[in-house]
Amino acid sequence: MRRVIFLMVFISTLTAGPAIAADIDGRIGLTGKVGFLMPVQDDFITGVDDTNTGLAAGGGVIYGIGKNVAAELDITHAPTLNVQAAGGKVGEATLTDISLGLQYRFTPEQPLVPYLGAGVDFIKGKFKNLGDRRYGLEWTTGGHVSAGIDYFATRGIALTAELKGIFAPAGNIKTTPQEYNPNSFVGTVGIRLFLPEKILD
């Protein structure tokens, strides 16, 4: 079960140093991130044997709506997931996840802020076989749960690391009877840039 092993050894480290309180109530933050997306099922697409973990990147917007609660819009894109059958590559898939969610932030008065999140996800993608024929992966709707940590290097800059589980029903592959399974784990590290409060006044 190399997927489980890969997940267990994903460790996020954040730079140490002096910082100040990290209350984001009423503030807007912009997030950029990079990491990996790992499909839960080897048969990500009906009839294949294996789907490799791929690079993922994205970003979003976070807004503090209380001392301990924040709302977040997040987009994650995995541009290349190699799909294999009978020991050989049969094509490449891409996957895009658009999520809306809430975070509960445990220590907003401290520089190091762990959080838990949950929300709804809208997922789609594409598949290209070795003959360069392309198929759309139709929209499917599900949800996510996440756990992460923000480290505030300054009041306006935070380093972030997150692990997210995405779950949704299978989606159809256009013009075929096949389906794809969007359930996956996503691990990312990145940076959040928070706008000054006076900009919002």
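Tutor: In what follows, a strand is a DSSP run labelled E of at least two residues, numbered from the N terminus. The model discussed here is predicted.

Student: In which strand is Val61 placed, and is Val61 buried, partly exposed or exposed?

Tutor: Val61 belongs to the strand that covers residues 54-64, namely E3. Buried means under 20% relative accessible area and exposed means over 50%, with partly exposed in between. Because the relative accessible area of Val61 is 37%, this residue is partly exposed.

Student: Which residue in E7 is the bridge partner of Phe122?

Tutor: E6 and strand E7 (residues 134-154) run antiparallel and are joined by 16 bridges. They form a hairpin with 4 residues between them, and in the turn Asp132 has a positive phi of about 65°. Across this pairing, the partner of Phe122 in E7 is Thr141.

Student: Which residue in E8 stands opposite His144?

Tutor: E7 also pairs with strand E8 (residues 157-167), antiparallel and through 11 bridges. The hairpin of E7 and E8 has 2 residues between the strands. In E8, the residue opposite His144 is Ile166.

Student: Which element supplies the largest share of the largest nonpolar core?

Tutor: This core holds 19 residues, and Phe44, Leu95 and Leu137 are among those with the most contacts inside it. At least two core residues come from each of strand E4 (69-85), E5, E6 and E7. The largest share, 3 residues, is supplied by E4.

Student: How many residues does the other core have?

Tutor: The other core lies apart from the largest one, and its members include Ala22, Ile62, Ala70 and Phe194. In soluble globular proteins, nonpolar side chains tend to be buried together. The number of residues in this other core is 8.

Student: Is Pro108 buried or exposed, and how far is Pro108 from Asp150 in space, C-alpha to C-alpha?

Tutor: Pro108 lies in the loop between strand E5 (88-105) and strand E6 (112-129). Its relative accessibility is 4%, so Pro108 counts as buried. Although Pro108 and Asp150 are 42 residues apart in sequence, their C-alpha to C-alpha distance is 9.9 Å.

Note on methods
Residues are numbered from 1 along each chain as its sequence is written. This is a predicted model: local features need pLDDT of at least 70, side-chain atom pairs count only at pLDDT 80 or more; totals for chains, interfaces and linings use all residues. Side-chain values use heavy atoms; hydrogens and water are left out. Buried means under 20% relative accessible area, exposed over 50%, partly exposed in between (1.4 Å probe, protein chains only). Two strands pair if DSSP finds at least two bridges between them. A nonpolar core is a set of buried Ala, Val, Leu, Ile, Met, Phe, Trp, Tyr and Cys residues joined through side-chain atoms within 4.5 Å.
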